[in-house]
Number of protein chains: 2
Amino acid sequence: MITGKNYIGNELSGIGNKSHKTINAKLNLENSINFIEATSNEINQAVTLAHESFQVYKNISGKEKASFLNCIADEILALGDELIEVFVLESGLPEGRAVGERSRTVFQLQAFANMIQTDEWKNNIIEKALPDRKPSPKPDIRKTYIPIGPIAVFTPSNFPLAYSSAGGDTASALASGCSVIVKAHYMHSGTAELVSSAIIKSVKKTGMPNGVFSNINGGIEVGQNLVKNLKIKGVGFTGSKSGGRSIYDIGSKREEPIPVFSEMGSVNPVIISPKSIDSKSIEIAKILSESITLGAGQFCTNPGLIIVVEKENTNSFIDNVIDNLIKKGSQCMIHKNIKESYLKNIEYISKQKGVKVLSNTDIELKGNYISSQINSVLAKDFLVNSKMHQEVFGPFSLIVKCKDENELIKVIDSLEGQLTGSLFAEEGELKEFYSIIDKLKSKVGRIIFNGVPTGVEVSQAMTHGGPYPASSDSRYTSVGLDSIKRWVRPITYQDWPIDFLPSDLQ
Amino acid sequence: MITGKNYIGNELSGIGNKSHKTINAKLNLENSINFIEATSNEINQAVTLAHESFQVYKNISGKEKASFLNCIADEILALGDELIEVFVLESGLPEGRAVGERSRTVFQLQAFANMIQTDEWKNNIIEKALPDRKPSPKPDIRKTYIPIGPIAVFTPSNFPLAYSSAGGDTASALASGCSVIVKAHYMHSGTAELVSSAIIKSVKKTGMPNGVFSNINGGIEVGQNLVKNLKIKGVGFTGSKSGGRSIYDIGSKREEPIPVFSEMGSVNPVIISPKSIDSKSIEIAKILSESITLGAGQFCTNPGLIIVVEKENTNSFIDNVIDNLIKKGSQCMIHKNIKESYLKNIEYISKQKGVKVLSNTDIELKGNYISSQINSVLAKDFLVNSKMHQEVFGPFSLIVKCKDENELIKVIDSLEGQLTGSLFAEEGELKEFYSIIDKLKSKVGRIIFNGVPTGVEVSQAMTHGGPYPASSDSRYTSVGLDSIKRWVRPITYQDWPIDFLPSDLQ
């Protein structure tokens, strides 16, 4: 049962007087439950509990933490149909997506659980003493990693499960030994409360300390209060550039600045070589339009920029993309606010100098349904107008037509940092693309050959992050097993008796 | 020959009208050479060259970069006596220290060179495709690490060589594939220019691109200009808390925020158990007083806080420490500004409520010579006055007397983040110290048993950094081979043909 309250540690609490309702995205009507925003007092209580429980939780063995994560996975599955129904109701996304995202969430928790069964992931270093070294003896020094403290997690609108209450940030932080406070996204507060109930059940079942997890409702002010609290030691954020930057700024202006990992999305440029268009126009148009419309385009890896060198077949390729998009029909966005900014943004872009609207959305659609849109522009106009470089969240892509490879390099060079960059080309022509690939590499966290950016593997080799503003610190990933590195710091033990070293350093 | 100019890439340049002289620390007299501050134009030129050379340098093989680093080591040694003489002249430190620090500098360069001969240090991850995986095939994904871009290095007053122009920050950044601009410390501009000449010689000898290294003179304004330049992508700083924080703030307020690793020192608490004092009073007093006075106390790992539980033998132990310090006599500090703030700080601390001056410096000493000082205070007074918690740079230590173990834990809990924490105890009593060790761990980057904090190994297991304000990001170290991790970011290759992958991912 969804109560509309916050989880302050293991207890449900809702003493505030501000509240909101989620909406039925398909009908654009309010759902019935009132979600009560956390008060300053409740936030402080949650942080105090997170701080106190951290003193215990940080020293719990990897195996015990793994049982906790596995239990969360089980309890999420045990929520059964209710979770899927609330997910669909709050997001307007299809049931298949809900089921798929639940699988991903469960898989992430289990993957971290599996990893922390042993201490191998820390890559501890043991250097034994060299008492006879000249000119001075070398002490025994051993390095391991310990968790940094309570972590605040800000969840995005577009992943009610996999990047939310029990998503990648929470799973990696709990795996590292940090306690977690989630500020749930107001668009899916019900999904968040259900998942949080599964986490709290697991806290109790596996004997974890009260406060190792809290889930609070609220807006900007609640989030700011949370990050300003000096007991919070790190932040994971997924969302918009403006939101991510403002949280980053709060974190770095504190008396004690803290690491804030903001994943803020990108336009994910896709370069398509002339030879690719010649040989695989239909095939590429198909997978590209599928990627553009996946989840109504509401992915941070959505391909928002298609870069081509204009040749004979370019226009027929674009026609192929548009044909595919038209076949897709309309799609429901996750919230009226998302729909409204999508419509505002595509209108804004369409009015920029040189932009042609190739397929448009001027049909009146019910609820939060929208159509995809493709625009095109010449590189010379794109290069001088950074307004076109910004992400449009939704099933939109801008095709930039370059007159030659040199102009194409200039286009890539003009871009901000990106999560991904893709190149469609024939293997035989790759040598000619050396400079383009080198330039693209310098802008992205993941570089893809003959594929689309949507679809982010959860594994150790994944990088989901990139130069600013794709993320606030390109040295980390927010997806995959290495995302745990955001929440740990090294500590070196010097000359300790073996028996008093942590077991993984003995 | 020292010219007083800046190295803007390979060229000596000194077009500005601001200048300064270094001082002869022992005599407190100005040395003859005028060091010309870099102008805004020169800074921009250096950054432009660093940006351009980075486009080439980042793709140079590890082996070639290793030759470059080894060449720098050789060229520093080839500077011969002139380097040692200038070091001693500018710092007032003894010749033995100059020779030792040169060895450390050379060793660091060679250690990084050795590490980057292969790509093993990156711990690349290769995950091959699983085309038959259900429900969707797994792509081929491979992760490696690439350098982030031009790095600004701010050097401290206390290490004219090992943490300066060719010190740990420069060596690790060059090893990573980043270009470097050093803002040399005004107290040893001559040493900096000499070392820079050795680096520039190596740039030319090994065919590295012009601009991969620059060395500029200047004060706060020059440093701010440098960090504000959007082509700078990271900063390494060693120095005071106020300086490190101001550089961190500039880096995080930029339109594109960048990682700033500031190592800002600490008081390095040393806890001495009653049983240790009973059994090893003379021995501990000796190594402790040697650590306090090493390099006239001008180390960021200087033990500035000694914490004891007051028992029968405590006062005789303190007397032993003082006896040792008196035997040490006076020492020359590296600059009149350092001497003046030392004298100001010890006077300030001595006036705090409850502080007793146990040995003092009220003798008139010539040049920049000073005496060490030991004060004591009861824990109850220390706990309520954070002014006593601040670092005094120099041969000073404050002894905090606790009435019992509980008060000792409160003292540790009251401290800010530290580079190191040490515990002198008998192995047999360690079990009783569990809570103390756990609390100390949460405050430090390195925890030492029966040893002093001075002496920082350059190896992979070292952590030189710690919770704020010991450093601005406790997740990194500025000493040892892992310090290279500050300057690289992950990149994932998805589905690339083997031949077009970087060689270390094939």
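Good morning. In this predicted model, 67 residues of chain B are in contact with 67 residues of chain A. Between them, the two chains bury about 5900 Å², and 52% of that area lies on carbon and sulfur atoms. Three residues deserve mention here: B:Arg475, B:Arg489 and B:Trp496 supply 13% of the area that chain B buries against chain A, more than any other three residues.

The rule finds 6 salt bridges across the interface of chain B and chain A. In one salt bridge, the side chain of A:Asp438 meets that of B:Lys58, at 3.6 Å from N to O. The count of residue pairs in polar contact between chain B and chain A is 49, with both residues at pLDDT 80 or more.

Which elements give two or more residues to the side of chain B that touches chain A? They are the strands β7 (125–127), β8 (141–147), β22 (444–449) and β23 (488–494), together with the helices α8 (241–253) and α14 (434–441), of chain B. Of these, β23(B) gives the most, with 7 residues. By class, this side of chain B has 30 nonpolar, 11 polar and 26 charged residues.

Let us now consider the sheets. Strands of a sheet pair through backbone hydrogen bonds, either parallel or antiparallel. Strand β23 of chain A, residues 488–494, pairs with β22(B) in the parallel sense over 3 bridges. Within that pairing, A:Thr492 has B:Arg446, in β22(B), as its bridge partner.

One open sheet has 10 strands with mixed pairing, in the order β17(A)-β19(A)-β20(A)-β15(A)-β14(A)-β21(A)-β22(A)-β23(B)-β8(B)-β7(B). Why is one side of β17 of chain A, and one side of β7 of chain B, left without a neighbour in the sheet? These two strands stand at the edges, and each has a single partner strand, so one side of each has no neighbour there. On average, neighbouring strands of this sheet are turned by 25 degrees against each other, direction ignored.

A:Ile271 has A:Ile307, in β15(A), as its bridge partner. A helix accompanies the chain A strands: α11 (residues 336–350) of chain A lies across β17, β19 (373–378) and β20 (396–402) of chain A, running at about 25 degrees to β19(A).

A further open sheet, again of 10 strands with mixed pairing, has the order β7(A)-β8(A)-β23(A)-β22(B)-β21(B)-β14(B)-β15(B)-β20(B)-β19(B)-β17(B). Its edge strands are β7 (125–127) of chain A and β17 (356–359) of chain B, each of which pairs on one side only. The twist from one strand to the next averages 25 degrees.

At the chain B end of that order, β17(B) and strand β19 (residues 373–378) of chain B pair in the antiparallel sense over 3 bridges. There, B:Ser359 stands opposite B:Ile374 in β19(B). Helix α13 (residues 405–414) of chain B packs on the sheet and touches β14 (269–272), β15 (305–309) and β20 (396–402) of chain B, its direction making about 140 degrees with that of β20(B).

Which strands does α14(B) lie across? The list draws on both chains: β8 (141–147) and β23 of chain A, together with β14, β21 (418–424) and β22 of chain B. The helix runs at about 145 degrees to β22(B).

I close with some backbone details in chain A. A cis peptide bond joins A:Lys134 and A:Pro135, with omega about 0 degrees, and A:Pro135 has its place in the loop between β7 and β8 of chain A. The peptide bond from A:Tyr468 to A:Pro469 is also cis, with omega near 5 degrees; A:Pro469 is found in the loop between β22 (444–449) and β23 of chain A. Finally, A:Ala296 has a positive phi of about 55 degrees although it is not a glycine. A:Ala296 lies in the loop between α9 (274–293) and β15 of chain A. Thank you for your attention.

Technical notes. Residues numbered from 1 in each chain as written. Chains lettered and ligands numbered in written order. Predicted model: local features only at pLDDT ≥ 70, side-chain atom pairs only at ≥ 80, totals over all residues. Heavy atoms only, no water. Contact = heavy atoms within 4.5 Å. Buried area = accessible area lost by both parts, 1.4 Å probe. Salt bridge = Lys/Arg side-chain N within 4 Å of Asp/Glu carboxyl O. Polar contact = N/O pair within 3.5 Å; in protein donor to acceptor, adjacent residues only side chain to side chain. Helix = DSSP H or I, 4+ residues; strand = E, 2+ residues; numbered from the N terminus. Nonpolar A, V, L, I, M, F, W, Y, C, P; charged D, E, K, R; others polar. Pairing = 2+ DSSP bridges. Axes fitted to C-alpha atoms, helices over the stretch in contact; angles between N-to-C directions.
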